[in-house]
Amino acid sequence: MSYLLDSNIVSYILKKNATVDKRFREVRRLRQDVFISCITYYEVKRGLLAINASRQLAEFQKFCQIYQVLLIDDLEIIERACEIHLDL
């Protein structure tokens, strides 16, 4: 299974939220694929820059070196995301 993390989950990971941290450790232990989208990257980095959170920015940069940031280069990605959202 693969995971595409949303902004709120990445924020919880950076804040070391106990519940999310426990689940994330389990995902890593199982060596499952973890990604973030370029939209999540933008939202998290924009928020950290806005509050001048230098420690969290450094942690976020390390996080992005470990987990691939997916770039949107095809409208089909957005179309599929709309279909998935509808199913949820």
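The model is predicted, with local features needing pLDDT of at least 70 and side-chain atom pairs pLDDT 80 or more, while totals for chains, interfaces and linings use all residues. Residues are numbered from 1 along each chain as its sequence is written, and side-chain values use heavy atoms, leaving out hydrogens and water.

Reader: What pattern does the protein follow along the sequence?
Author: The protein has five helices and three strands. These are DSSP runs numbered from the N terminus: helices are H or I with at least four residues, strands are E with at least two. Read along the sequence, the pattern is β-α-α-β-α-α-β-α.

Reader: Are helix 1 and helix 3 parallel or oblique to each other?
Author: The axes of helix 1 (residues 7-14) and helix 3 (residues 38-50) come within 9 Å and cross at roughly 50°. Axes are lines fitted to C-alpha atoms, for helices over the stretch in contact, and angles run from 0 to 180 degrees between N-to-C directions. Under 35 degrees counts as roughly parallel, over 145 as roughly antiparallel, 65 to 115 as roughly perpendicular, and the rest as oblique. Helix 1 and helix 3 are therefore oblique.

Reader: Which residues of helix 3 make the contact with helix 1?
Author: Contact means heavy atoms within 4.5 Å. Helix 1 brings Ser7, Val10, Ser11 and Leu14. From helix 3 come Thr40, Glu43, Val44 and Leu48.

Reader: How is helix 3 oriented to helix 4, antiparallel or parallel?
Author: The axes of helix 3 and helix 4 (residues 54-66) come within 10 Å and cross at roughly 160°. That makes the pair roughly antiparallel.

Reader: Which helix supplies the largest share of the lining of the largest pocket?
Author: A pocket is an open set of points on a 1 Å grid over the protein atoms alone where a 1.4 Å probe fits, with protein on both sides within 12 Å along at least five of seven lines; lining residues have an atom within 4 Å of a point. The largest pocket is lined by 17 residues, with Leu4, Ser37, Ile77, Ala81 and Ile84 nearest its centre. Strand 1 (2-5), helix 3 and helix 5 (75-87) each supply at least two lining residues. The largest share, six residues, comes from helix 5.
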